[in-house]
Amino acid sequence: MNFEGYRKYVFVLIITSVIFFTAFSISNYSNEKRIQNIQSIEDKIALDLLSSETQFNLLKELSCKTIDNSVLSQELNSIVEKLAYAEENLGTTDPEVIRLKKYYSVLEVKDYLLMQQVDQKCKRKSAFILYFYSNQGDCSDCKKEGYVLTDLREQYPDLRVYSFDYNLDFSIVKTLQVVFKLKNTLPAIIIGDETHYGFKSREKIEKLMPVLAKLKAEREKAQNTATSTATTTQKKK
Amino acid sequence: MIEVSQIIPHIFLFAALYFQIFLLITFFESRETIRKQASHTNTCYPSVAVLVPCYNEEKTVARTVESLLALDYPKDRLSVVIIDDGSTDRTFETMRAFEQHPQVTLLQKENGGKHTALNLGISRTNIELIGCLDADSFVASDALTEIVKCFEDKTVMAVTPAVKVWNPRTVLEHIQKAEYNMGIFLRKMFGVMNAIQVTPGPFSLFRRKVFNELGGFKEAHNTEDMEIALRMQSKHYRIENAHTAHVYTVAPKTIPSLYKQRVRWVSGFLNNVVDYRFMLFNKEYGHLGALTLPFAIVSVLSAVYMAGFVVVHLVKYLLEKIVKLQTVGIEWSNIQFNWFFLNTQSLMILTFITLVVSLFIPFNGKKLSEGNMRPSRDILYFLLFYGFLAPLWLTKALYNLVFSKKSSWR
């Protein structure tokens with residue numbers, strides 16, 4: 001083969017390498033954007049939490065009705081899916097993913113504590129589930145439990161599911177394990193003061209949490225009232 | 001960072017993209033040469049003998065011979081030798097219809113394989129140019145004229161035609177039509193690079209010198225047309241391609257018959273490459289040793305690996321969906337686009353780029369074969385289904401190679 005022939009091989013190698021480099025750059029850029037997106041949602045949750053805490057501190061002078069119950073639930077829903085996706089794509093050992101998961105765990109615990117205090121103060125009963133899972137391949141039912149909890153959250157928007165990676169090397173998660181005397185049998189869900197190990201179906205959880213049906217009925221009633229009010233107002237016009 | 005499990009698919013994608021870009025550049029470099037070659041008019045008509053080996057071809061042999069006799073070529077310069085390789089059907093009786101034709105010679109022998117039939121034909125003729133035509137193929141009337149003009153160059157020792165599918169009707173035949181059109185483009189590019197690795201049974205022409213100096217056809221794992229091409233390349237005998245010489249072949253009509261044919265082809269190719277392995281990555285053999293032969297092997301491996309990769313991920317995905325369905329039932333939630341969940345993994349981006357770049361092969365194949373690049377159902381069917389079919393015979397051929405299994409003719 002002559003020099004021209006070799007030159008063509010090198011030229012093609014350069015073009016192919018440039019395409020590969022571009023593809024890797026696009027991939028890295030979009031991953032960075034994802035991390036930034038999760039980070040911004042977490043920052044928003046942190047701000048919302050701070051706002052709720054401040055509201056709570058003002059409660060002595062304000063009515064319980066002023067506490068906004070829906071601030072966090074939607075954000076929590078969206079971030080949990082995004083975190084799972086980032087974990088799947090960037091890997092469970094990615095330092096950024098671990099950092100975001102830790103931050104998320106802190107926010108969840110803060111939200112959990114705040115909501116408990118609000119419940120006590122306002123004499124109401126919110127629906128909480130603390131869910132411990134593992135994605136290290138040692139929990140065959142965790143995926144199924146995840147589907148059930150996501151489905152429940154969609155059905156009952158007032159339900160708060162706080163999910164924690166059992167194996168996350170983070171003091172808050174370890175403290176929760178000690179507080180709830182958790183065994184390493186996953187999936188584990190905590191409803192009220194009771195810990196339930198193993199897979200729990202949607203029906204089973206609904207049975208364990210009668211408050212869900214109550215909350216759903218209340219929400220539907222509130223929605224119906226809002227719809228009828230809007231219709232009446234329109235007619236008056 | 002790439003996970004370890006993704007390193008192999010990335011390597012295969014790099015190889016595929018490299019090969020396609022190489023072809024693309026070769027194509028742009030040689031466009032003018034190809035155009036000139038197509039518009040060049042033939043000035044001489046050397047004597048040609050076309051050998052038609054037959055084994056149980058009673059249905060197609062008459063039409064094959066008729067197409068040869070209808071060639072737009074001086075009658076006194078063209079002879080046809082039909083060799084019955086011990087057929088067990090009425091092939092020889094069908095052949096006898098041409099017994100009295102002045103251009104036709106009939107030969108009959110005991111069954112010994114296609115290569116023995118061809119060698120008998122070669123030994124019974126002393127004509128300078130020898131062509132071979134499978135008895136399930138038909139030539140266009142100007143095919144021979146288009147081929148012989150390549151022999152004006154004295155360094156050319158063999159010429160391959162553009163093989164097309166005869167009268168495609170079913171989806172499977174249309175898939176093969178697109179595949180054959182791609183073959184026309186690839187063979188043209190390989191011809192430009194002097195890296196042709198097969199002189200196909202349907203109407204390749206050789207100088208007698210090839211057989212005198214290198215010997216006749218060999219059994220060669222039931223792929224004598226690949227072996228002779230590699231033998232020629234190993235001795236630096238030039239093989240050219242005449243993309244304007246159209247030859248039609250009857251494509252397998254069912255998946256099992258296509259599977260069997262392709263297992264034979266790919267097994268034969270792999271075994272022949274093993275036999276001629278000294279040519280691999282050997283700069284003495286130019287683009288053939290450096291690019292086309294190694295890539296042909298890589299493409300077999302990568303197609304099998306990628307098919308396995310896709311199947312494993314597809315099965316995993318489906319199992320997850322089944323578990324989800326069993327756990328929470330059917331979800332009726334609205335599907336909303338969210339850029340966050342768009343798969344932007346490097347593997348996905350590179351697969352997409354490779355697929356897009358690879359589209360120039362079927363479209364340029366269509367241009368060379370039919371004169372236009374319009375999207376057609378052949379290409380659509382090919383893109384939709386070929387990826388599911390090819391891994392079947394590629395896997396079997398690899399299995400045959402690894403476990404030294406022999407593939408059969410029929």
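Predicted model: local features only at pLDDT ≥ 70, side-chain atom pairs only at ≥ 80, totals over all residues.
Residues are numbered from 1 along each chain as its sequence is written, and chains are lettered from A in the order in which they are written. Local features need pLDDT of at least 70 and side-chain atom pairs count only at pLDDT 80 or more, while totals for chains, interfaces and linings use all residues; side-chain values use heavy atoms, with hydrogens and water left out.

On the chain B side, 34 residues are in contact with 33 residues of chain A (contact being heavy atoms within 4.5 Å). Together the two chains bury about 3,200 Å², and carbon and sulfur atoms give 71% of that; buried area here is the accessible area (1.4 Å probe) that two parts lose on being put together, summed over both. B:Phe14, B:Tyr18 and B:Phe340 supply 20% of what chain B buries against chain A, more than any other three residues.

As for charges, two salt bridges turn up across the interface (a side-chain nitrogen of Lys or Arg within 4 Å of a carboxyl oxygen of Asp or Glu). A:Lys143 pairs with B:Glu320 in a salt bridge, with the closest N and O atoms 3.1 Å apart.

Helices H1 (7–39), H10 (286–328) and H11 (346–358) of chain B each put at least two residues into the side that touches chain A; helices are DSSP runs (H or I, at least four residues), numbered from the N terminus. H1(B) gives the largest share of that side, ten residues.
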